[in-house]
Amino acid sequence: MTIARQLAGNLLAFSRQAFPQAAYAQARTAIIDTLGVTLAGGVQDGSRKLRAVIVPSAATGNSRVFGTDLKLNALDAALLNGVSSHLLDFDDSNSWLHGHISVAVLPALLALADELDINGEAVLRAYITGYETAVRMGKAVSPFQYRHGWHPTTTVGVFAGVAACAVALDLNEEQTATALAMTASLASGIKSNFGTETKALAVGQAARSAVMACKLAKEDFSAGANAFEHHQGYFHVYNGQANVDPLPLMENWDATPFILDTVKSNNYKYFPCCYAILSPLDGVLALREETGLQPHEIEHIEVKVHPIRFPHINIPQPENPLAGKFSLHYCVARAFVTGTLTLDDFIDDARFQDPATQTLMQNVTLERHDEEITHSAFVTLTTVDGRQFALRVAGARGSSPSIPLPDNLIEQKFLDCASRILPAAEAQALYHRLLQDDFR
């Protein structure tokens, strides 16, 4: 049996099980968090630019474009919502995938859900299946792809989008295998576009590709049966055959669903920047509060992170606020100056050019530490009069059960994001509707 066929059979069998209520609760939280950042992302310049290109030639349909009054065909709605969901880089991430699971699944799934008129448990079940597929694909091919320069949210996560769409469309095993094999040629995304609107564009394109592959498979479109294991197939081309472990895809998926994994669960962002920067930010802000130091009293801020996190956040001089999302130097300096980070710090050029922030940026350095723990970070403040204050951060808030998220963070974050486009009362009403699994 080919890997695509084995993977298809496993994910479909997984989708039919009786999931515990805790799994539905985790899926519901992820959907609420993602819809909030999608609404906020929909009013950004990147989303407007894309709509200006796509909408004039897009066929209408039943699929919502969030944050607008538009209803388009599922393919184009998935593209537009996918870009909006990731444009602010405020969506959840996952260490098994080494990327962002929810934006790899939900824009495609919700576009199809609108078209198919499915809601509630059916959406949650498809999301949980997409989540499981994302984790297992991540275990099979990451972190090699992440280290090699691929963006796993798109090159790996696209298969999770296919899994969710296959469940929503009620594809059979052969059709699902075909959609997965087809997607092996559609997977794309490289890390050199981090800090630009193209990072989100690749997420939108992955969502569109997932919908398209499943729809084509239902029409008996053909794809190579050995698209994964072929000597010029996905595994060899993206990973080199020695850097792949297909066992997580081919073994029985009868263990506890990964959405309930407490070791590498979904990591929700409380600051709208690269997740790799959150642990250092916790350390910097803790020392800021502990010492009461002001920016002009700081001679040097030294940060150390795991080597896997170092390359894409080592940007001492970001070109603009959006690029600042991946600059440890900007995020640390801005947070020390203001005591927090907000969406506007990555949108408003005046905040980005703030003299105190720009001055402190020059005194921030980033190094690699030698711990195996990828979440940990070390922060050292040195004052102009020679005092030093140091802190080790085990991980960002929410990265493990021992470091929980602040109470009500998801609700407050959703309301903050949704209120950028909706009146406060409507945002609150939408939040409570989502709690009842009404995703329409």
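This is a predicted model. I'll start with the open sheet, which has four strands in the order β4-β3-β5-β6, with mixed pairing. The edge positions go to β4, residues 364-368, and β6, residues 388-393; each has a single partner strand, so one side of each has no neighbour in the sheet. On average, neighbouring strands here are turned by 15 degrees against each other, ignoring direction.

Strand β5, residues 377-383, runs antiparallel to β6, and six bridges join the two. If you want a place to look, find Val379, which stands opposite Leu391 in β6.

Next, the helices on this sheet. Helix α14, residues 278-291, lies across β3 (298-305), β5 and β6, and runs at about 140 degrees to β6. Helix α16, residues 328-338, also packs on the sheet, where it touches β3, β4 and β5. The direction of α16 makes about 130 degrees with that of β4.

Now the hairpin. It is formed by β1 and β2, with six residues between them. Strand β1 covers residues 60-64 and β2 residues 71-72; they run antiparallel, joined by three bridges. Arg64 has Lys71 in β2 as its bridge partner. In the turn, Gly67 has a positive phi of about 90 degrees.

Last, helix α1, residues 3-15. Its 13 residues should span 18 Å at 1.5 Å a residue, and the end C-alpha atoms are 18 Å apart, so the two agree. Is α1 mostly covered or mostly uncovered? Mostly covered: 10 of the 13 residues are buried, among them Leu7, Leu11 and Phe14. The elements covering those buried residues include α6, α9, α10, α12 and α13.

Note on methods
Residues are numbered from 1 along each chain as its sequence is written. This is a predicted model: local features need pLDDT of at least 70, side-chain atom pairs count only at pLDDT 80 or more; totals for chains, interfaces and linings use all residues. Side-chain values use heavy atoms; hydrogens and water are left out. Two strands pair if DSSP finds at least two bridges between them. The expected span of a helix is 1.5 Å times one less than its number of residues. Buried means under 20% relative accessible area, exposed over 50%, partly exposed in between (1.4 Å probe, protein chains only). Contact means heavy atoms within 4.5 Å. Axes are lines fitted to C-alpha atoms, for helices over the stretch in contact, and angles run from 0 to 180 degrees between N-to-C directions.
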